[in-house]
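Please view the sequence and the structure together before reading on.

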Amino acid sequence: MKIVVTIIGQDKVGIIAMVSNVLAKYNVNIVNIDQSIVDNFFNMVMLADMSQATINLKELNLMLKDKGVEMGLDIKVQHEDIFNAMHNI
């Protein structure tokens with residue numbers, strides 16, 4: 001199963017490191033990253049593969065959301081199909 005992780009907030013050191021460390025800890029493979037920083041505003045969309053994961057989607061979403069709050073970021077994790085459906089209007 002593929003997932004989409006979106007991260008939005010003020011740019012700061014350690015955002016990508018934090019997310020990638022959590023994903024690595026639970027054997028979630030990063031497939032692609034697209035990020036931009038405009039006027040110190042960080043925006044990233046990450047595609048990852050959970051086929052070998054040792055955590056479920058709901059738990060991962062809650063964990064990254066909480067870690068995002070600690071860093072002042074909005075982090076969401078969605079199944080790829082839901083993300084695609086939301087953006088195909």
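Which residues in α1 are buried?

## Basis of the model

The model is predicted; local features need pLDDT of at least 70, side-chain atom pairs count only at pLDDT 80 or more, and totals for chains, interfaces and linings use all residues. Residues are numbered from 1 along each chain as its sequence is written, and side-chain values use heavy atoms, with hydrogens and water left out.

## Overall fold

The protein chain contains three helices and four strands, arranged along the sequence as β-α-β-β-α-β-α. Helices (H or I, at least four residues) and strands (E, at least two) are DSSP runs, numbered from the N terminus.

Of the 89 residues in the protein chain, 31% count as buried. Buried means under 20% relative accessible area, exposed over 50%, and partly exposed in between (1.4 Å probe, protein chains only). Among contacts (heavy atoms within 4.5 Å) between residues at least 6 apart in sequence, 67% join residues at least 24 apart.

## The nonpolar core

The largest nonpolar core comprises 22 residues, and Val5, Ile7, Leu60 and Leu64 have the most contacts inside it. At least two residues of this core come from each of β1 (2-10), α1 (15-25), β3 (41-49), α2 (57-71) and β4 (73-79). The most is given by α1, with five residues. Such a core is a set of buried Ala, Val, Leu, Ile, Met, Phe, Trp, Tyr and Cys residues joined through side-chain atoms within 4.5 Å.

Beyond its neighbours within four places in sequence, isoleucine 7 has contacts that include Ile15, Val19, Phe42, Met44, Leu73 and Ile75.

The buried residues in α1 are Ile15, Met18, Val19, Val22 and Leu23. They lie on the same side of α1 because they cover an arc of only 125° around the axis, taken from the directions from the helix axis to the C-beta atoms. An α-helix has 3.6 residues a turn, so residues three or four places apart point the same way.

The buried residues of α1 pack against β1, β2 (29-38), β3, α2 and β4. On the other side of α1, Asn21, Ala24 and Lys25 are exposed. Asparagine 27, with a positive phi near 60°, follows α1.

## A salt bridge

The structure holds one salt bridge, defined as a side-chain nitrogen of Lys or Arg within 4 Å of a carboxyl oxygen of Asp or Glu. Lysine 76 forms a salt bridge with aspartate 74, and the closest N and O atoms are 3.2 Å apart. Lysine 76 counts as partly exposed, at 41% relative accessibility; aspartate 74 is also partly exposed, with a relative accessible area of 34%.
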